[in-house]
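User: Please take me through the ligand site and the domain arrangement of this model, with the criteria stated as you go.

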Amino acid sequence: MSTHLHGTQGAAGARGPTGAELQAGAGAALGRGAVVMGLQWGDEGKGKIVDLLADRFDAVVRYNGGANAGHTVTVGGERFALHLIPSGILRPGKPAVIGSGVVIDPEWLLKELEGLRVRGVDVSGLRISAAAHVVLPWHKDEDRLREGWLRASGVEAIGTTGRGIGPAYADKALRGTAVRVGDLLRPELLAQKLERTSALKGAILSALSGQAGAVRYDTAELHERAAGWGRALGPSVCDAGELVRGLLDRGGRVLFEGANATLLDVDHGTYPFVTSSTTIAAGAAVGAGVPMSALGSVVGVMKAYSTRVGGGVMRTELEGDDAEGAIAHGIRQRGREYGTTTGRPRRVGWLDLAAVRYSAGLSGVTSLAVMLLDVLEPLDTLRVCVGYRGAGAGGPAAGFVPDAWDLGGLEPEYRQIGGFGGAVGGARRLADLPAGARAYLDLIQEQVGVPIGAVSVGPERTQTIELW
Ligand code: IMP
């Protein structure tokens, strides 16, 4: 494989593909089942890529995470922030499916649905797996209390989004205290489950808060609320796995939308500063209920730099009050690097290609989508991490190590390169990009060893160079 972009541009060549070629090109390259997932710490711009590709597929399926995710899509100058609903909902008429691997906070979901409805979005395509787990009020309380307990123990807190994600997945694994979406439609069973669980949760969370009897739940009130969620969401609830497998069996094309990202994966991320679900491409088969063979291609979405929200090590972080801090500030402003879910300012750093290489290998990424390239436009000099050195001078060069403790002991190896040397926001073909920007993309492709399929040069759907 050539590592130069013009070598991977396909039949359309340097003039750039036409609309018709794009449809056919992206269709052929991505296959019938494509996964779109993040290669860094989240917020890479997956929502934009899913939105862009959604009209070439027959359904979009979310397979993991919950309201901790925040996907921003800009259409016609309007900005949509989605947390639980697949970004594919913005393509009316397609099934937008929430798979069993997702944990659903019904209050968030109903609020999000209402927010879309009032803006005239057709949400009739929404389908929700009966096997997805429900985030209940005690999950959010436990999330907050556990973070406080970590801080009080003198340990760095995880910095969760506070959306109850970890406790909801923990109950899923524990089984006896879990509630699934299907249970919301069975009032008697729901009452039994809430009854037996609320007293236990009250006792455990009171202990966690350090005050006996401090936490109590009004089971009758919660049951009424939860039954209301069931009535509101009931028409959308289904066996989502069967729905998606049926679509694939009939020759349909399905896009699997990952939330959070590889370095937040519960097994393979920078543990313990991770989320609680399987974010990598393999999670799509489990969380959507489809065979592995359905996953024909994997689009790895990455920013042109690094960001991270919450705690945990990020070795290429730009921080301090000096020139580095100023670069971080500039990137944060231009990239609007504030959490979609929590509004927290995101930590900013140089692009870590060792990390991206690790992530791409884990998921068998078949093409890269490089996002937010325009944000780096004003910088005269850029640094990119291409590997790591072991602790202490002269240690052997190493790849990215996900374990947070071990990673903290490694030193990034940087390559310094010149800036882009011109504007990128108006580019619609590779040839429109200044030479410095093309060199940056070449470096990414060479270091990761995966062809670039798309480059985003601005928030709008149209501000995308497609190379699939
Ligand atoms: P949780 O998923 O709320 O438990 O948060 C665990 C960690 O993952 C925290 O550092 C969060 O900031 C981070 N996190 C979870 N989801 C996202 C996401 O979609 N984008 C960025 N960070 C996330």
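This is a predicted model: local features need pLDDT of at least 70, side-chain atom pairs count only at pLDDT 80 or more; totals for chains, interfaces and linings use all residues.

Analyst: Residues are numbered from 1 along each chain as its sequence is written, and side-chain values use heavy atoms, with hydrogens and water left out.

User: Which residues come nearest to the ligand?

Analyst: A residue counts as near if one of its heavy atoms lies within 4 Å of the molecule. Of the 16 residues around the ligand, those that come nearest are Asn 68, Thr 161, Asn 260, Thr 275 and Val 309.

User: How far from an oxygen atom of the ligand is the polar backbone atom of Val 309?

Analyst: A polar contact here is a pair of N or O atoms within 3.5 Å. The side chain of Thr 161 places a polar atom 2.6 Å from a ligand oxygen, and an N or O atom in the side chain of Thr 275 is likewise 2.6 Å from an oxygen atom of the ligand. For the polar backbone atom of Val 309, the distance to a ligand oxygen is 3.0 Å.

User: Which domains does the shell around the ligand draw on?

Analyst: The bounds come from an automatic or database domain assignment. At least three residues of the shell come from each of domain 1 (19–25 + 32–131 + 239–466) and domain 2 (133–236).

User: How far apart do the C-alpha centres of domain 1 and domain 2 lie?

Analyst: The domain assignment of the chain gives domain 1 and domain 2. Their C-alpha centres are separated by 29 Å.

Technical notes. A polar contact is a pair of N or O atoms within 3.5 Å; within protein, one must be able to donate a hydrogen and the other to accept it, and residues adjacent in sequence count only if both atoms are side-chain atoms.
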